[in-house]
Amino acid sequence: TELVPDLLPRTRRLFLLLNPCGGRGNAFQQCHSHILPMITEADISYNLIQTERQNHARELVQGINLEEWDGIIVISGDGLLYEVINGLMERPDWEDAIKMPVGILPCGSGNALAGAINYNAGFEQAMGSELLLNCILLLCRGTVMPMDLVSVTTCSGTRCFSFLSVAWGFISDVDIESEKYRHMGSARFTVGTMVRVASLRTYKGRLSYLPVLDGHRPICRSITLAANGSLVPFQRSQLHRTISDMGLCEERNVMYKRSSASYDTNELPSFETPSPGSPTALHTSSFPFDSLSEPSNQEGRPLHRDVASTNHHQVNGPKDDLIPPLGQPVPKTWVTLEEDFVLVLAIYQSHLGADLFTAPFSSINDGLIHLFFVKAGISRASLVRLFLAMEKGNHIEMECPYVVHVPARAFRLEPLTQKGILTVDGEQVEYGPIQAQMHSGLSNLISG
Ligand code: ADP
Ligand code: MG
């Protein structure tokens, strides 16, 4: 009888965190009609806690006993997972804590990571309850894979950890301004996009980044779907010559092509590699703001949420060895450009929303920050076309000269326009210079 406990596979124990206010506010019903019956069927035991306020999940995961759980699952949108990741990183034992497998069951309005998990598993793009069912199935299967995290430092020196994106301009404006249409679920982004297109803004800023392969752009993921639905590495053996003949190269499962003119960082007139004395190697001390930490609140209406990182000073975590402190110039090997932007987006997952296939070549642990930016001058019609094409990931082939995409390991963004909104994983953070670097595979994701 002493052998029995070792021989039997132990029932998995999951710590479920449900946000009753996520999305349309129906997470609780979804949980009782779909989630709990299915995970009970899969012989998973769980503890279900409803969050009572913002940062509740963040505090809860700081107090849990890691030994007691096989995973922490959020039943909400991406915002609640952001809290969990940062709560784990704030623990004194962060190095062990961040290895706790995390998962997401999409019941929010922003369900980007669920979209990425669904895509990674080889399922067709899905929304709503179809996406939820796929994610429950994958959770029950329970395969864990490493997930990239990016450490993000804001102007006050606060550091947080991000699994999805940093956004400025059009995308963060839509995300935060559309909070008032929350009752619509994910349709709030469509409405928000239309409102923002009608009154299109541009933002002046300086963007610097550490490129992965200078002058190349990613074209596809170099993995293919095998007949049984599993992901297998791209067969390079037979194709090796063709690949090099075509000027392609590969890094970390992403296939790169030497850039065409519209994407070529070397041919963009405003791209410069700063040397110590050059005008682009400016210090952030020249940043022309007085009240850096004040959240942008352009209409004077109360913010739905607190600025995410205001009260959290992240001291734990791996060292940011690629980026100098915000007050110091970026290294010579970085590329710096100053532009009028419609948007800047750093994304490290394939999806920006369940139906926004923004970075088709991205994977959960490719170690890459995909930097996208749209320059001022793009027509409203092209911008709408860009977002419509993004639903299927077809925007990559559009080759719009105003849209630039570069893979990077680290970046710094210095807004030169006084007012604006910055988001990290869809959560608003303090406005001002912001920088980030990749920490590949730092966390663990239940991806099925
Ligand atoms: P959505 O995708 O719908 O925005 P999120 O998971 O991103 O859903 O959650 C939105 C916000 O709700 C997060 O910032 C989270 O901190 C906050 N939150 C969590 N629990 C509650 C609660 N009980 N009441 C209000 N806000 C909450
Ligand atoms: Mg990635």
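**Close-up 1. Helices α3 and α4 cross at roughly 35°.** In this predicted model, the axes of α3 (residues 56-63) and α4 come within 8 Å. The crossing itself is right-handed. On the α3 side, look for A57, R58, E59, V61 and Q62; α4 answers with L80, E83, V84, N86, G87 and L88. Sort the residues of this contact by class and you get five nonpolar, three polar and three charged.

**Close-up 2. Helices α2 and α7 meet in a right-handed crossing.** Here we're looking at α2 (residues 27-41) and α7 (residues 128-141), whose axes come within 10 Å and cross at roughly 30°. With that angle, α2 counts as roughly parallel to α7, because the cut-off for that label is under 35 degrees. From α2, the contact takes in Q30, H34, I35, M38 and I39, while α7 brings L132, L133, I136 and C140.

**Close-up 3. Ligand 1 sits among 21 residues.** The ones that come nearest are T51, S76, G77, G79 and G108. Helix α4, already seen against α3 in the opening view, shows up here too: α4 spans residues 78-89 and gives the most to the shell, with four residues. As for the make-up of the shell around ligand 1, 12 residues are polar, six are charged and three are nonpolar.

Note on methods: Residues numbered from 1 in each chain as written. Chains lettered and ligands numbered in written order. Predicted model: local features only at pLDDT ≥ 70, side-chain atom pairs only at ≥ 80, totals over all residues. Near = placed C-beta within 6 Å. Helix = DSSP H or I, 4+ residues; strand = E, 2+ residues; numbered from the N terminus. Nonpolar A, V, L, I, M, F, W, Y, C, P; charged D, E, K, R; others polar. Axes fitted to C-alpha atoms, helices over the stretch in contact; angles between N-to-C directions. Left-handed = near helix turned anticlockwise from the far one by under 90°. Contact = placed C-beta atoms within 7 Å. Parallel < 35°, antiparallel > 145°, perpendicular 65-115°, else oblique.
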